[in-house]
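Let's take a walk through this fold together, from the sheet to the helices and on to the cores. Keep the 3D view open as you read.

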Amino acid sequence: MLINFLPRVFGLCALLWLPTSSQAAAWGLDQLMSELAQTRYSHARFTEKKSIAILDQPVESSGELFYSAPDRIEKRTLKPRYETMLVEGGVLTIERGRKRHRLQLQNYPELAAFIDSIRGTLAGDRRALERNYRLSLDGSVAQWTLQLLPIQPKMRAVVQQIRVKGTRDQVRSIDILQTDGDSALMLIDKPDAP
């Protein structure tokens with residue numbers, strides 16, 4: 001009688017594990033994009049290290065990032081000198097000292113594609129990303145890596161790959177490798193709660 005009962009107990013235990021297994025198996029690119037899309041506003045600190053072939057040492061900078069869904073990103077570099085870059089809709093505005101430059105992104109398709117790699121990821125906009133990149137996702141919800149490989153020839157001539165790493169719905173780093181060997185790694189950290 002106990003022998004007949006054991007298969008039922010094991011069967012019940014297997015059923016209890018099924019939801020967890022199904023949820024883990026269901027996690028993927030669509031789930032990541034859905035979770036990222038839930039963020040409507042974000043503020044974080046960043047440190048960035050750019051390695052440029054003609055320089056002996058990497059160029060380091062730090063500052064703050066602001067994101068407002070669906071398409072506004074502001075990067076305020078505080079060190080080594082103050083500079084702002086604001087992307088809002090189809091316009092990029094760069095301010096350094098007293099100089100201000102405004103660029104219509106439609107006139108700079110490669111720059112627009114690069115900006116959309118970041119903006120599309122933050123917005124969880126898979127369709128926007130797939131217009132310019134082949135996407136692959138590794139890892140789990142707790143620690144993931146999204147790789148973006150350019151599909152347009154002009155973009156491929158400049159950028160070899162972009163790797164975005166994160167945890168859950170938070171982007172933690174953006175690593176850009178250019179075809180000429182130059183690279184940039186941005187580490188992103190949420191500020192402490194007040």
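What follows covers the sheet, the helices packed on it, the nonpolar cores and a few single residues.

This is a predicted model, in which local features need pLDDT of at least 70 and side-chain atom pairs count only at pLDDT 80 or more, while totals for chains, interfaces and linings use all residues. Residues are numbered from 1 along each chain as its sequence is written, and side-chain values use heavy atoms, with hydrogens and water left out.

Let's begin with the sheet. Helices (H or I, at least four residues) and strands (E, at least two) are DSSP runs, numbered from the N terminus. Here 11 strands form an open, antiparallel sheet in the order E6-E5-E4-E3-E2-E1-E11-E10-E9-E8-E7; two strands pair if DSSP finds at least two bridges between them. Strand E6 (99-104) and strand E7 (133-140) stand at the edges with a single partner strand each, so one side of each has no neighbour in the sheet. On average, neighbouring strands are turned by 15 degrees against each other, direction ignored.

Now follow strand E1 (41-51). On one hand, 7 bridges join E1 to strand E11 (residues 183-189), antiparallel, and Glu48 has Met186 in E11 as its bridge partner. On the other, 10 bridges join E1 to E2, also antiparallel, with Lys49 opposite Glu60 in E2. From E2, a hairpin leads through 3 residues to E3. These two strands share 7 bridges, and Glu64 is partnered with Arg76 in E3.

Contact means heavy atoms within 4.5 Å, and axes are lines fitted to C-alpha atoms, for helices over the stretch in contact, with angles running from 0 to 180 degrees between N-to-C directions. The 15 residues of H3 should span 21 Å at 1.5 Å a residue, and the end C-alpha atoms are 19 Å apart, which agrees; the expected span is 1.5 Å times one less than the number of residues. H3 has a kink of about 30 degrees centred on Asp116, where the bend is the angle between axes fitted to the seven residues ending there and the seven starting there. After H3 comes Gly124, with a positive phi near 65 degrees.

Which residues of H3 are buried? They are Ala112, Ala113, Ile115, Asp116, Ser117, Arg119, Gly120, Thr121 and Ala123. Buried means under 20% relative accessible area, exposed over 50%, and partly exposed in between (1.4 Å probe, protein chains only). Glu110, also in H3, counts as partly exposed because its relative accessibility is 29%. Leaving aside residues up to four places away in sequence, Glu110 touches Lys154 and Met155.

Finally, look inside. A nonpolar core is a set of buried Ala, Val, Leu, Ile, Met, Phe, Trp, Tyr and Cys residues joined through side-chain atoms within 4.5 Å. The largest one has 24 residues, of which Trp144, Leu146, Leu148, Ile162 and Val164 touch the most other members. H2 gives the most to this core, with 4 residues. A second, separate core of 6 residues includes Val87, Leu92, Leu105 and Ala112.
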